[in-house]
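Open the model in your viewer and keep the sequence panel beside it. The tour below goes stop by stop, with something to select at each.

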Amino acid sequence: MSSRLERITQQRLDSLSKLRARGINPYPHSFHRSHSNEQAVAAWKQQGESAGTLSVAGRVRAKRKMGKMAFMDIRDSSGKLQLCFRHNLLGQEKYDLLQEIDIGDIIGAQGSLFQTKAGEISLSVTDFTMLSKSLRPLPEKWHGLADIETRYRQRYLDLIINEETRTIFILRSKIIAAIRDFLNARNFVEVETPILQGQAGGALALPFTTHHNALDRDLYLRIALELHLKRLIVGNFDRVYEMGRTFRNEGISVKHNPEFTLLECYQAYADYNDMMSLVENMVSHIARDVLGDAKLIRQGKTINLSPPWQRTTLSEAIKSYSGIDLQDYPDAASLRTRMVELGMNPDAAKGRGKLIDELMDSFVEPSLTQPTFLLDYPLEMSPLAKRKRGNEQLTERFEAFIGGMELANAFTELNDPVEQRERFLQQLHDRQGEEEIELIDEDFLQAMEQGMPPTGGLGIGIDRLVMLLTGQTSIREVILFPQLKAR
């Protein structure tokens with residue numbers, strides 16, 4: 001016995017054959033549309049019956065027939081419009097063609113606007129055209145755990161069915177545009193740097209590897225934008241930024257996708273204090289521009305993005321939320337012992353910096369609901385950051401957290417090429433055997449040796465910013481085509 005899907009598909013193939021038998025091309029090359037659905041509704045509100053003849057198009061989402069009259073709802077990217085088909089206007093032959101139109105088909109229609117007794121603005125159709133015959137039915141129900149995975153695998157269905165999903169990605173586009181407007185207005189220059197790199201640097205992450213046949217060499221998908229952007233600072237670009245796809249060969253979670261969008265920007269003659277000001281002003285500006293308010297309600301809590309944001313040191317935050325004073329545990333062994341006493345199970349191979357990261361993830365990050373800058377990270381955690389003025393064991397680095405999630409990372413950039421080389425060498429020594437390690441990039445060091453001005457650098461995860469501003473708790477909800485396990 002054939003399945004329901006097979007029966008429906010066959011019925012639609014039969015309709016396709018009937019249309020072609022009548023000399024109708026069910027997949028024409030184009031259609032002139034005078035108005036979007038939203039524009040058609042606006043035309044009625046502004047001009048009434050004097051709006052004249054309009055042509056619209058969209059996907060059929062509902063159909064109802066009542067004797068010599070039929071109604072269909074069509075949707076385009078702007079919204080819904082009701083179409084009214086009257087037998088006396090279309091004639092028998094054209095009216096009979098309505099039975100070959102299924103929910104999910106894309107049609108074009110011409111006619112004039114009117115308002116029904118129920119108050120719905122509609123198009124009285126004088127002619128219609130099949131623009132794309134749909135051979136598969138739309139889902140009848142769209143809820144439950146099983147459907148969540150289908151939404152990600154077949155995002156086109158999600159976008160057709162769920163207006164909320166389309167809204168998220170429209171907002172994402174507006175957020176990215178607002179970021180560009182904000183930075184461009186402050187004389188930052190947008191640039192593009194290589195995705196394929198001879199050496200992946202600028203972060204502690206495992207890269208994806210590929211092979212270039214013509215060059216006969218292995219290349220890496222970039223894990224950060226930093227080192228090439230700082231080369232541009234050396235090359236007299238005083239303010240640069242890039243919003244680009246970045247790739248890290250790491251685990252997948254509600255906050256991590258192996259392919260993500262990263263904003264990095266660098267400002268010559270600035271430090272991490274300037275970057276803090278840039279972040280809090282940019283994020284609050286984007287929220288006002290896109291959402292109309294710098295205050296958000298997320299999971300029942302009001303988050304105020306207006307500057308100034310809270311500032312506290314990393315060590316103060318860890319002590320406050322875990323009870324561990326990092327000064328009492330100056331090496332990995334002692335810190336690991338203390339973490340075990342707290343019921344944690346830290347990896348014996350992790351260095352002190354990785355253990356501090358683990359404390360952050362477990363105790364601090366989930367507690368930071370309001371916008372908060374955590375300042376002054378230990379030297380071993382920040383090989384590209386300048387030492388803190390007044391404390392040589394710390395660096396001028398901050399991370400920004402909002403809603404229990406890391407959003408931004410920034411440094412006063414190290415611009416001493418001799419110390420930078422020493423830092424890279426020290427890390428190679430300290431992290432022997434670890435997969436995630438910052439390798440020595442000789443070309444980058446050579447660029448620094450030409451002279452790099454004092455610089456503030458910033459990275460913001462765009463996907464996480466969109467999560468925050470759209471109220472989503474999973475990164476898969478804000479990436480159109482997230483990475484998934486094989487079926």
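Stop 1: Select residues 142-146. Here pLDDT (the predictor's confidence in each residue, from 0 to 100) stays under 50. The model gives this stretch seven contacts beyond four places in sequence, a contact being heavy atoms within 4.5 Å. Where pLDDT is low, the predicted coordinates should not be read in detail.

This is a predicted model, in which local features need pLDDT of at least 70 and side-chain atom pairs count only at pLDDT 80 or more, while totals for chains, interfaces and linings use all residues. Numbering starts from 1 along each chain as its sequence is written, and side-chain values use heavy atoms, with hydrogens and water left out.

**Stop 2: the whole chain.** Zoom out and color by pLDDT. The mean is 93, and 97% of residues reach 70 or more. The C-alpha trace spans about 85 × 55 × 50 Å along its principal axes. Switch to cartoon: there are 15 helices and 19 strands. These are DSSP runs, numbered from the N terminus: helices are H or I with at least four residues, strands are E with at least two. Of the 487 residues, 49% are buried, meaning under 20% relative accessible area with a 1.4 Å probe, protein chains only. Of the contacts with a separation of 6 or more, 64% join residues 24 or more positions apart.

**Stop 3: strand E19.** Select residues 455-461. Is this strand enclosed or open to the outside? Seven of its seven residues are buried, so E19 is largely enclosed by the rest of the structure. Show the directions: Thr-455, Gly-457, Gly-459 and Gly-461 point one way. Gly-456, Leu-458 and Ile-460 point the other way. In a regular strand the side chains alternate between the two faces of the sheet.

Strands count as paired if DSSP finds at least two bridges between them. E11 (residues 259-268) runs antiparallel to E19, joined by seven bridges. Find Tyr-266, opposite Gly-457. E18 (residues 405-412) is also antiparallel to E19, with five bridges. There, Thr-412 has Gly-456 as its bridge partner.

**Stop 4: Glu-413.** Which side of the burial cut-off does Glu-413 fall on? Its relative accessibility is 1%, so Glu-413 counts as buried. Select its contacts, leaving aside neighbours within four places in sequence: Glu-226, Lys-230, Tyr-266, Leu-384, Lys-386, Met-452, Thr-455, Gly-456 and Gly-457.

**Stop 5: helix H8.** Follow Glu-226 and Lys-230, both buried residues of H8. Select residues 226-234. Seven of the nine are buried, so H8 is largely enclosed by the rest of the structure. Next, display what covers them: the cover includes strand E10 (239-247), E11, E18, helix H14 (442-449) and E19. Just after H8, check Asn-236, which takes a positive phi of about 75 degrees.

**Stop 6: a three-strand sheet.** Finish with an open sheet in the order E7-E9-E8, paired antiparallel. E7 (196-197) and E8 (209-212) are the edge strands, each pairing on one side only. Two bridges link E7 to E9 (residues 217-221). Pick Leu-196 and look across to Leu-221, which stands opposite in E9.

Definitions and conventions. Buried < 20%, exposed > 50% of the residue type's maximum accessible area, 1.4 Å probe, protein only.
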